[in-house]
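Hi there,

Here is the structure I promised to pass on to you. Have a look at it first, and then read my notes below.

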Amino acid sequence: MPTELFSKLLDHIKEATDQYEAITFAGMGEPLLDPGFPEKARISRSKGFRTLLLTNGSRLTIDLFRQLDKIGMESIRVSFYGMRPESYSHAHGVNHNAEEFERLKGTLSEICALPRRTKMLFTFNVVEGGTEEDLRNWIRYWEPRADLIEVWHPHNWVYGRALRAVSPKKRKTCGRPFRGPLQVQVDGTVNMCCFDFNGDLTLGDLKSQSLDEIFKGDFFLKIYDCHLKGNFENSGLICRNCDQRNEDKSDVLIYNSKFDKGERVEMTSSTYALLTNRGCNEDV
């Protein structure tokens, strides 16, 4: 996203509502591939937003981390699956040799040891073919270094993967139309959900529409009504068979070093704001 557009959209959002107080750089790609990322982070902080980053860590260097820490980055969540080159490559779907793997692990370890304000959070997704020993070693290694670690069973990206069973017993809503974040894509369009990798739930375009217009639009109101009633039959919405609406989420989170597992699965992935709760099924 052009830096000028990024700054303009933040002003647009800030003028329209005080509902959003944090900016999380995430999405369907690696944020650190954007050469303008540090400047966007600086702009986000200068406008008073808490600023957070989700990354696989592959482009993170000591110098870049120090720059982000000085800017005031609140936290960096690193997806780092595996404790050996083989298990890392298997989980991430890439071919990392031992030298590349050790470089990445060493950089992240050094960052964790630095005097810093930015919190380092590590996530591990358990995929088929991984070993219990790798998982135990990962927890043992990163827990004393990171500010928080989590181990999850990966989600499905709606119909994009079949990693988690979709239960026939579903909640009325995942909570996102009522309490979810504002999902702004790289082109300025607004998407209903961060799991929607294919833009099936695109609500509008912030470059040409106000937030008020987008959230009073027919498509958002249709999504809202379906989640309010828990009725997705004949809606055509991908929400119908999404694992995020599973009634039972007790097996989703395997380990968390700070939070109760039952509480954590009801929160957003970055700010830990409450996304939904049991009462959200009846009273939204």
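The buried residues of helix α5 are Phe101, Leu104, Lys105, Thr107, Leu108, Ser109, Ile111 and Cys112. Please keep in mind that this is a predicted model.

Helix α5 itself runs over residues 98-113, which makes 16 residues. From its first C-alpha to its last it reaches 22 Å, close to the 22 Å expected at 1.5 Å a residue.

Now go to the start of α5. There, a side-chain oxygen of Asn97 comes to within 3.1 Å of the backbone nitrogen of Glu99.

**Salt bridges**

How many salt bridges does a search of the whole structure find? The count is 16. One of them joins the side chains of Glu74 and Arg50, at 2.7 Å from N to O. Glu74 sits in the loop between α3 and β3, while Arg50 belongs to strand β2 (residues 50-55), so this pair ties together parts that are 24 residues apart in sequence. Glu74 is partly exposed at 28% relative accessibility, and Arg50 is partly exposed at 26%.

Two further pairs to look up are these:

- Arg84 and Glu86 meet at 3.2 Å, N to O. Arg84 is partly exposed at 36%, whereas Glu86 is exposed at 52%.
- Lys216 and Asp212 meet at 3.4 Å, N to O. Lys216 is exposed at 58%, whereas Asp212 is partly exposed at 45%.

Some salt bridges share partners, and in this way Glu21, Arg50 and Glu74 are joined into one network.

Which residues make the nonpolar surface patch of about 380 Å²? They are Met28, Trp157, Tyr159 and Phe197. Trp157 lies in the loop between β5 (148-152) and α7 (176-179), and Trp157 is partly exposed, with a relative accessible area of 31%.

Enjoy exploring!

Technical notes. Residues numbered from 1 in each chain as written. Predicted model: local features only at pLDDT ≥ 70, side-chain atom pairs only at ≥ 80, totals over all residues. Heavy atoms only, no water. Patch = residues over 30% accessible without salt bridge, like charges linked within 9 Å, V, L, I, M, F, W, Y side chains within 5 Å. Areas by Shrake-Rupley, 256 points an atom, 1.4 Å probe, with all protein chains shown as cover. Salt bridge = Lys/Arg side-chain N within 4 Å of Asp/Glu carboxyl O. Helix = DSSP H or I, 4+ residues; strand = E, 2+ residues; numbered from the N terminus. Buried < 20%, exposed > 50% of the residue type's maximum accessible area, 1.4 Å probe, protein only. Expected span 1.5 Å × (residues − 1). Polar contact = N/O pair within 3.5 Å; in protein donor to acceptor, adjacent residues only side chain to side chain.
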